[in-house]
Amino acid sequence: MMKGRLGLETARVPQTDRHGLLWLAFGRLYVEAGTLRFVCAAGGLYEAGDYAIPFQMLSCILLAPGTIVTHDAIRLLARHGTGLVAVGDDGVRFYASMPFGPDDSARARRQVRAWADPEGKLNVAKTMYRWRLGEEITGSSLNQLRGLEGARMRETYKLLAQKFNIQWRGRRYDRKNPSDTDDPNMAINHAATAVQAAAMIAVAVSGCIPQLGFIHEDSGRAFALDIADLHRDTITLPAAFSAVHRARKSRQPLERVTRKLVGEILKKKNTIPRMIDQIKELIDVDDHRRDPKRSG
């Protein structure tokens, strides 16, 4: 273990040699004799006990509901570049994160260069649409790409409504009054919020700039919205229509059913690590035309 009360040594394990994410819930994260520890009761993610956390080998710790963190723990993690993110169950909400990321700014700088270059920006957008639609994209502008996506989405909505025997009247969303809509549209809103939270976690861990999106532009989370949309066809929409069916059958609140269902899918599909891989494939290559076929 590390020396000293808070382990504030100069030694630091490079991010490339670390082992990803650790989820913690229903317990207390604290420091004892320079060691980061997590004590928890039964009923959470782990058996009851007091665990030593190998934080120097982690990229990020995700704090789910029911967790308490001490000031010493935050100082220790910050000193060694281990991320700390407060999230909802299964990553369906993104509340706050402590500044962290890769050991250098290379990925953020590559993102900026691609975003600032019209051709590079369009190439990244084409790659994302190609992953989603499973075909080569020939559009010469972002508006053309959006039109192609819109036509595909209308058919997807129709097929999912038929699959779950739900009446579909079209996509309706009033930003000024988001609750004034029908159940399918409301479920889509809830599911999209949950998947976007997972994307925000991935963007934060990756050290990218969330405001610089390649398809979305105005939002302060534009890049996270881009990444979330890579999973719209495979997670967001199927979960939303399935949640409507489940909520009506169980008579439970639609938001709760949708949030729980999306969380289960995110966990089962290991979605956040997949999103991180997708971000790396988009940003960490010089030729954005490469297709890793990682969407899902």
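Helices (H or I, at least four residues) and strands (E, at least two) are DSSP runs, numbered from the N terminus. This is a predicted model: local features need pLDDT of at least 70, side-chain atom pairs count only at pLDDT 80 or more, and totals for chains, interfaces and linings use all residues. Residues are numbered from 1 along each chain as its sequence is written, and side-chain values use heavy atoms, with hydrogens and water left out.

Stay with H3. This helix covers residues 118–133, 16 residues in total. The expected span of a helix is 1.5 Å times one less than its number of residues. For H3 that should give 22 Å, and its end C-alpha atoms are 22 Å apart, which agrees. Of the 16 residues, 13 are buried, so H3 is largely enclosed by the rest of the structure. Buried means under 20% relative accessible area, exposed over 50%, and partly exposed in between (1.4 Å probe, protein chains only).

Now look at the partner of H3. Two packed helices are described by the angle between their axes and the distance between the axes. Helix H2 (residues 106–116) packs against H3 at about 105°, with the axes 5 Å apart. Axes are lines fitted to C-alpha atoms, for helices over the stretch in contact, and angles run from 0 to 180 degrees between N-to-C directions. H2 is therefore roughly perpendicular to H3 (under 35 degrees is roughly parallel, over 145 roughly antiparallel, 65 to 115 roughly perpendicular, the rest oblique). Which residues of H2 meet H3? They are Ala 114, Trp 115 and Ala 116, and they meet Pro 118, Gly 120, Lys 121 and Val 124. Contact means heavy atoms within 4.5 Å.

Helix H7 (residues 232–250) holds Ser 242. Ser 242 is buried, at 13% relative accessible area. Leaving out residues up to four places away in sequence, Ser 242 touches Phe 164 and Leu 261.

Next comes the sheet. Four strands form an open sheet in the order E1-E5-E7-E8, with mixed pairing. Strands E1 (21–24) and E8 (94–97) are the edges, each pairing on one side only. Two strands pair if DSSP finds at least two bridges between them. E7 (residues 83–87) and E8 have three bridges and run antiparallel. Ala 86 has Ala 96 in E8 as its bridge partner, and Val 87 stands opposite Phe 94. Six residues lie between the strands of this hairpin, where Asp 90 takes a positive phi near 60°.
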